[in-house]
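Hi everyone, thanks for coming. Let me put the structure up, and then I'll walk you through it.

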Amino acid sequence: MRTPRRHPRATERDLARLADGTLEPARREAVERSVAGSGELQSRLRDQRRAVDAVRAHTSERAPLVLRLRRRAHATTPARHRSRILGLVLTGALGALVWTLAAIGGGQAGLTIVGAATLAARPATATVPEPPDDHATLPHLRAAGLPFPYWEDRFGWKATGVRNDDVDGRALTTVFYRSHGRRIAYTIVPGARLPAVPGAETFTRGGIVVHASTDDRRLIVTWLRRGHTCVLSGIDVPLATLTALAVWRSHGAVPY
C-alpha cells in the first residue's frame, strides 16, 4: 500500500520545525526518515537551517532587548502553542521576523542586504515561462520596471521559479536559477538603495560597481540597476561566476 504524499506546505512546515527543533516527537522520526531517503529534502532542510541561523544571528546582533522579552514570553507559553507559533514563523515569516526585530531593537532601517539574501532559502511560489528565441530577458517578469535576465543559453543557469515578498513596505521579487545541482537567487529591491554590508569587497566590472560579502556559507553580490539594489547569492558558487552574471548586459538587451 502506498503512503499518501503530504501536501508541499505540510512538508515545508515539518522541515522548518525540524530545523528549529520544535517538531513534535511523534512526527520527528518519520520526517527524519523521509529526509534521509531524499536528496531534495536534505537540500531543503539545509536551507531551512541556514535561515534559522540567519534569524538567530541577526536578532542576537541587533535586537538583544527584544530577544530577552521573547525568551521571557517563551518560558511562560505552553509548549504546544510555542511549537505551532514557531513553525508558522519559520515557514511564512523568517525574513519578516528578522527585519521587524531589527527595526524595533536596533533603531535602524529593517531591510538589509543580508536580510534580503535570506529570501534565497525560501521556496519558489510560481514557475517561470521560457522566453522566445533570442531574448535576453525572462517574459512577463519585472521588478521596479526592470526585467530579469535569461541566463540559460549563455551561462547554463536555468530560471526555475519566482517568489514575491512584501518586506518593510517594499515589494521584493526573487527569481531562482539552477545549474548542475546548485541554486542561486536574484532579488531586486525597489526603492532607495540598501547600504553595502560593512567590510564588503568593492570592485568595478564593466563599469558597474559590485559589492561582495558572505553570510555563513552564502556568497552575496550586490549592485545597482537604475538606482535599485540587486542581490544575487549562492552557496558553493564562485565569485567570478556571480560577478559575470551580475554585470552581463547582452549588448544592451538587459537594461541597467
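Let's start with contacts, meaning heavy atoms within 4.5 Å. Among contacts in the chain between residues at least 6 apart in sequence, 57% link residues at least 24 apart.

A word on where this comes from. This is a predicted model, with local features needing pLDDT of at least 70 and side-chain atom pairs counting only at pLDDT 80 or more, while totals for chains, interfaces and linings use all residues. Residues are numbered from 1 along each chain as its sequence is written, and side-chain values use heavy atoms, with hydrogens and water left out.

Now the overall picture. The chain has nine helices and nine strands; these are DSSP runs numbered from the N terminus, with helices being H or I of at least four residues and strands E of at least two. Of its 256 residues, 48% are buried, where buried means under 20% relative accessible area, exposed over 50%, and partly exposed in between, with a 1.4 Å probe and protein chains only. The accessible surface is about 13700 Å², and 52% of that belongs to carbon and sulfur atoms; areas come from the Shrake-Rupley method with a 1.4 Å probe, and for residues only the protein chains shown count as cover.

On to the sheet. Seven strands make an open sheet, ordered β3-β4-β5-β9-β8-β7-β6, with antiparallel pairing; two strands pair if DSSP finds at least two bridges between them. β3 (158-167) and β6 (201-205) are at the edges with a single partner strand each, so one side of each has no neighbour in the sheet. On average, neighbouring strands are turned by 25° against each other, direction ignored; axes are lines fitted to C-alpha atoms, for helices over the stretch in contact, and angles run from 0 to 180 degrees between N-to-C directions.

What does helix α9 lie across? Helix α9 (residues 239-247) lies across β5 (182-189), β6, β7, β8 (218-225) and β9 (228-235), at about 20° to β8. Its buried residues are Leu-242, Thr-243, Leu-245, Ala-246 and Val-247, and the buried residues of α9 pack against α8 (152-155) as well as β5, β6, β7, β8 and β9.

That brings us to the cores. A nonpolar core is a set of buried Ala, Val, Leu, Ile, Met, Phe, Trp, Tyr and Cys residues joined through side-chain atoms within 4.5 Å. The largest has 33 residues, of which Leu-138, Phe-148, Trp-151, Tyr-177, Ile-184 and Tyr-186 touch the most other members. α9 gives the most to this core, with four residues. A second, separate core of 14 residues includes Leu-172, Val-189, Val-197 and Ala-200.

Finally, β5. Six of its eight residues are buried, so β5 is largely enclosed by the rest of the structure. β4 (residues 170-179) and β5 pair over seven bridges, forming a hairpin with two residues between them, where His-180 in the turn has a positive phi of about 50°. On β5's other pairing, with β9, there are six bridges.

Thr-187 is buried, with a relative accessible area of 2%, and its bridge partner in β9 is Val-231. A polar contact of 2.7 Å joins the side chains of Thr-187 and Thr-174; that term means N or O atoms within 3.5 Å, where within protein one must be able to donate a hydrogen and the other to accept it, and residues adjacent in sequence count only if both atoms are side-chain atoms.
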